[in-house]
Amino acid sequence: MSLEVLIRAHSFSAQESVLAERIEAAFQSQVTFVTDDSASPVVTERFAKIGITRRRVRELIGGRVLPQWGWQFGDVFYYAAREAFPDATDFALIESDLLLSEAGARRLSDLFAERTEDILAPLLHRTEKPSSFSKDLAALGRDPHVACFFPITRASTKALDLMQKLRRQEREQPRLRLNDEAIMASVAFDEEVTFANLSEAAPDIFDSDSFTLERTQLFEHLADSYQGIAAIHPVRTVAALLTRIESFG
């Protein structure tokens with residue numbers, strides 16, 4: 001396996017730097033940031049970067065691109081890296097609002113080295129009811145009763161090619177609205193690929209008490225003190241949290 005590790009970010013601060021340093025040390029390989037450069041380029045200091053503009057999004061998946069495309073179309077970062085690293089066989093995408101201790105990063109590296117499936121994602125499962133961002137899969141002739149969680153995922157080039165094809169099909173119908181999780185989960189269950197639910201395969205890393213959407217934790221409080229194996233999500237700096245409060249109330 002030739003694995004490229006990506007960090008998806010919309011800005012760069014001490015939080016992104018610490019995450020990248022720990023991942024590089026654990027995986028013993030370069031980390032590449034994938035960033036939304038629609039408004040202005042994100043500077044990632046010494047770390048490699050693939051910056052994506054709205055024009056590049058149209059090239060990769062087609063269709064109309066909204067200003068906040070980075071929130072719904074996180075899978076686009078995968079496709080850009082797929083073209084940038086043609087010799088890689090697999091890609092891992094890690095969101096920057098996640099905290100890994102040094103021990104947790106090493107455990108994640110070991111996990112990704114052990115697993116051979118085409119798609120790895122937490123909470124990858126079938127659902128009783130379609131979520132708001134997967135229900136439109138039915139319009140494409142696919143099962144909408146699927147879901148996953150996107151903060152840490154891994155996909156083979158085979159899986160990414162199928163995901164990009166599905167995304168392009170969705171973009172041909174402007175009324176449809178699928179997010180990155182729906183695209184990945186649909187391919188995992190409906191195509192000729194192998195997959196694993198990381199929540200079941202590695203519950204020590206993907207502990208629902210710390211790896212969640214239910215509450216935000218502070219980077220400054222945890223960065224130096226947290227030594228556990230479990231990934232923590234979401235984690236934000238004080239500055240980022242104040243910005244969100246100002247923006248959303």
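This is a predicted model: local features need pLDDT of at least 70, side-chain atom pairs count only at pLDDT 80 or more; totals for chains, interfaces and linings use all residues.
**View 1. Salt bridge between Glu-83 and Arg-56.** The side chains of these two residues, Glu-83 and Arg-56, meet with an N to O distance of 2.6 Å. Because Glu-83 belongs to helix α4 (residues 75–84) and Arg-56 to helix α2 (residues 54–61), the pair ties together parts that are 27 residues apart in sequence. Arg-56 has a relative accessibility of 23% and therefore counts as partly exposed.

**View 2. Salt bridge between Asp-204 and Arg-107.** Here the closest N and O atoms of Asp-204 and Arg-107 are 2.7 Å apart. Asp-204 sits in the loop between α8 (198–201) and β10 (217–218), whereas Arg-107 is part of helix α5 (residues 102–114), so that the contact ties together parts that are 97 residues apart in sequence. Asp-204 counts as partly exposed at 34% relative accessibility, and Arg-107, at 22%, also counts as partly exposed.

**View 3. Salt bridge between Glu-170 and Arg-167 within helix α6.** The closest N and O atoms of Glu-170 and Arg-167 lie 3.0 Å apart. Since both residues belong to helix α6 (residues 157–171) and are three residues apart, about one helical turn separates Glu-170 from Arg-167. Glu-170 counts as buried, with a relative accessibility of 0%, and Arg-167 likewise counts as buried at 0%.

**View 4. Network of salt bridges involving Arg-8, Glu-95 and Asp-180.** In this view, salt bridges link Arg-8, Glu-95 and Asp-180 in a network. For the model, the count of salt bridges comes to 15, with a side-chain nitrogen of Lys or Arg required to lie within 4 Å of a carboxyl oxygen of Asp or Glu.

Note on methods:
Residues are numbered from 1 along each chain as its sequence is written. Side-chain values use heavy atoms; hydrogens and water are left out. Helices (H or I, at least four residues) and strands (E, at least two) are DSSP runs, numbered from the N terminus. Buried means under 20% relative accessible area, exposed over 50%, partly exposed in between (1.4 Å probe, protein chains only).
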